[in-house]
Amino acid sequence: MCRFVIYKGTEPVQLSHLLTKPCHSIINQAFNSRLRVDRRNPINGDGFGVGWYDSVYDEELGSQPCIFTSVTPAWNNVNLTRLAEKIKSPLVFAHVRATTAGSLSLDNCHPFVHGQLMWMHNGGIAEFTRIKRRLQACLPDEIYNVPNGNTDSEWAFALFLSKLPDANVKSFTPAVLKQAMLDTIISLNGFARELDITEPSLMNFCVTDGETVVATRYISSKVDEAASLWFSSGTTFSEYAKGGHYKMSKADKRENIIMVASEPLTFEKADWMEIRTNNMIVVTPKMNLLQIPIIDEFYVPPSDPASLARTTSFAEGKGLLTPRRPL
């Protein structure tokens, strides 16, 4: 089970407040998760990555994100700890990896980047070795050459790039990113259908251009739950007790901070809300958070009793679902 966390705020955050200081930070989850259900692969030790955008635009540096990745375990990388103490950013992607597809290499560590865009994935595309050639065949030449690694996640990113009107522009509207994400899922489901692949694919994707964030909690099944995904919002995210105990505070109705995570970063139950299976969230440049159903053949509306009967065994068996019990 991979894990990722996203931070978007009106003010930059010091990376250590996400990565190293909270007692249940994404790095601590990598080796000591209290909610882990996958005992076959009990650590996320197959590399990590963090990507961020500068707080202030510098013409010489440009507006593209900076990425730091390593194949070492995140909890044992002194350079990550040093950088986290000295970098602030208003938009951060972080990912810890447990290999499901692709070799252990820097090229396979998330986040993946192209121009202004960053991409992460938690899950797996079923029988990707069969789907891969069909996916590659539909890519234009300039996008086919983007992936450097061999993961299903990065090739899904390439497919997403091919759905954009122009993958090389410096900014995208929320509507454009949302539609490209939907079209990516439609295409992946189409490939599976053409090849008679019946095993569900777990597609928790997220993408950002530095202003908008789009994330999905999705599975190509009407009866199974998707990999877990949560969000939290408020005005401040801070340590309230020694030992790395953090909480999200809401001083007023403004959303100064929005966080999305595979597993909550705090044990404050009121801090986090679970995103429904087969839904997408869009965080706009103005910090509006929209939760949008992905309506296709695998969507079950909340009004249908079957939506409450989705089983957790498939995602749990792959270590991709946190159990529903008090945080």
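Predicted model: local features only at pLDDT ≥ 70, side-chain atom pairs only at ≥ 80, totals over all residues.
**Cysteines and salt bridges**

Trainee: How many disulfides does the structure have?

Mentor: A disulfide is a covalent bond between the sulfur atoms of two cysteines. The rule applied here asks for a pair of cysteine sulfur atoms within 2.5 Å. By that rule the structure has zero disulfides.

Trainee: How many salt bridges does the structure hold?

Mentor: Side chains of opposite charge can pair when their charged atoms come close. A salt bridge is counted when a side-chain nitrogen of Lys or Arg is within 4 Å of a carboxyl oxygen of Asp or Glu. This structure holds seven of them.

Trainee: Which residue meets R134 in a salt bridge?

Mentor: The partner of R134 is E194, at 2.7 Å from N to O. R134 belongs to helix 4 (residues 128-137) and E194 to helix 7 (residues 174-194), so this pair ties together parts that are 60 residues apart in sequence. Helices (H or I, at least four residues) and strands (E, at least two) are DSSP runs, numbered from the N terminus. R134 is partly exposed at 35% relative accessibility, and E194 is partly exposed at 48%.

Trainee: With which residue does R217 form a salt bridge whose closest N and O atoms are 3.7 Å apart?

Mentor: That partner is E225. Both ends of this pair lie under cover: R217 is buried at 1% relative accessibility, and E225 is buried at 6%. R217 also forms a salt bridge with E274, where the closest N and O atoms are 3.4 Å apart. R217 sits in strand 8 (residues 213-217) and E274 in strand 13 (residues 273-274), so the pair links parts that are 57 residues apart in sequence. E274 is partly exposed, with a relative accessible area of 24%.

Trainee: Which residues do the salt bridges with shared partners join into one network?

Mentor: The network consists of R217, E225 and E274.

Technical notes
Residues numbered from 1 in each chain as written. Heavy atoms only, no water. Buried < 20%, exposed > 50% of the residue type's maximum accessible area, 1.4 Å probe, protein only.
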